[in-house]
Amino acid sequence: MLTALLDNVALQIMLVGALVGIASTLVGTFLVLRGTSMLSDAIGHSIVFGIVIVWLITHQQSGPVQILGAALAGVLTVFLTELLVSTRRVKKDAAIGLVFPVLFSIGVLLLNLYARDVHIDTHTVLLGEIGFVWLDTVTLGDYRVPRSLLSMGAMTLLNAAFVVLFFKELKLATFDEALAKALGLAPGLLFYGLLLLTSGTAVAAFDAVGAVLFVAFVIVPPSTAYLLTDRLWLMFLYGIAVSIASSVSGYALAVAWDVSIGGMMAVMTGVFLMLAFLAGPRYGVVAQLLRRRGQRRHNEIRTLAVHLYHHEGGPEQGVENVIRALREHLRWDAAKAARVVQRGSDQRLILREGEALRLTSQGREMAREILDPSGRSSA
């Protein structure tokens, strides 16, 4: 099986993309729920600063030192953002917009001033080229394994272990930070641990897929899952499913249309988000339209029941409780009046006798509940 995987370039590319998506979803879900998902964009850009600083100090272009330096640059981004927010002079979104362009621009300037001849390309950092991951390999026993496959596999396992071990604590810190503090769970420390993993995932991902696709995977699959469910564990499952589906379909379409593989994977995350936005079972546009339509129809029947009940037994019943009166008093056209009467009849709330209308016992009870919800009239 391993030999088949390493001999299949397409499978390697899709697997790396899926691992980036899974690792990103595991940390991105909490960022989305906390309303801080754009920190991933800030981290994805500011790691250039960390990469350049580490090279200036150690002259190493890769390895664990680079990952640690870039991850710390991501944490620095968050720390400076929180520092600005604590002044209460700028809001969080503005603070993010101030900090990461500064760190990114400093990194680019240092790169151009002191590392012109070093193979650290800002274009590659941002966009990457997932189609070439199979060329950069390391030897493990008798196998040549793509470096990105190993790094992203390690980050996926690390992120999964962090989420599983601290699931309850992360959940409480995300939804009720004050209670988490009262229980001594150190939500701030958990958050910085989450951001450290986010930075590490960004560093592991940028060489293969670039920061842009990393940001797409961190934000879009969890956001898609958020439109599909209110349960946290299901958000993880749906987000992972969207990541895998985006990687597979993105690769297939990119090959078919001869376009960027990473770009098409990012586009497919957007496609799945749009599908969830339109057709989600609870929050989708279609579901909301159907609910509003059903509520409107229900309110029309309620209005009719109250109208008939109000005139029931009175001297004007023969004039008011007829279909013609609905057009005059409720301002319904003939077609709408006929539809509402038919629905009321189907629900056994209204009886129609020629033009005359009268309530059934069930319809009369509905009208009483509407006019006196407390039930005092029946006491």
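Among the elements of the protein chain, mean pLDDT is lowest in helix H6 (residues 122-127), at 50, and highest in H12, at 96. The pLDDT is the predictor's confidence in each residue, from 0 to 100. Helices are DSSP runs (H or I, at least four residues), numbered from the N terminus. For the protein chain, the mean pLDDT is 87, and 93% of residues reach 70 or more. Where pLDDT is low, the predicted coordinates should not be read in detail.

The model is predicted: local features need pLDDT of at least 70, side-chain atom pairs count only at pLDDT 80 or more, and totals for chains, interfaces and linings use all residues. Residues are numbered from 1 along each chain as its sequence is written, and side-chain values use heavy atoms, with hydrogens and water left out.

The domain assignment gives domain 1 (1-283) and domain 2 (287-371). Such bounds come from an automatic or database domain assignment. The C-alpha centres of domain 1 and domain 2 are 57 Å apart.

Two packed helices are described by the angle between their axes and the distance between the axes. Axes are lines fitted to C-alpha atoms, for helices over the stretch in contact, and angles run from 0 to 180 degrees between N-to-C directions. Angles under 35 degrees count as roughly parallel, over 145 as roughly antiparallel, 65 to 115 as roughly perpendicular and the rest as oblique.

The axes of helix H12 (residues 232-257) and helix H13 (residues 261-279) come within 7 Å and cross at roughly 130 degrees. H12 is therefore oblique to H13. The residues of this contact (heavy atoms within 4.5 Å) divide into 11 nonpolar, five polar and no charged. Here Ala, Val, Leu, Ile, Met, Phe, Trp, Tyr, Cys and Pro count as nonpolar, Asp, Glu, Lys and Arg as charged, and the others, Gly among them, as polar. Trp-257 is among the H12 residues in the contact, and Phe-272 is among those of H13.

Helix H7 (residues 147-165) packs with helix H10 (residues 187-206) at about 165 degrees, with the axes 9 Å apart. H7 is therefore roughly antiparallel to H10. Their contact has nine nonpolar, five polar and no charged residues.

Helix H14 (residues 285-311) and helix H18 (residues 361-371) have axes that come within 9 Å and cross at roughly 95 degrees. The two are therefore roughly perpendicular. Three charged residues join seven nonpolar and two polar ones in this contact. Arg-302 of H14 is one of the contact residues, as are Arg-364 and Arg-368 of H18.
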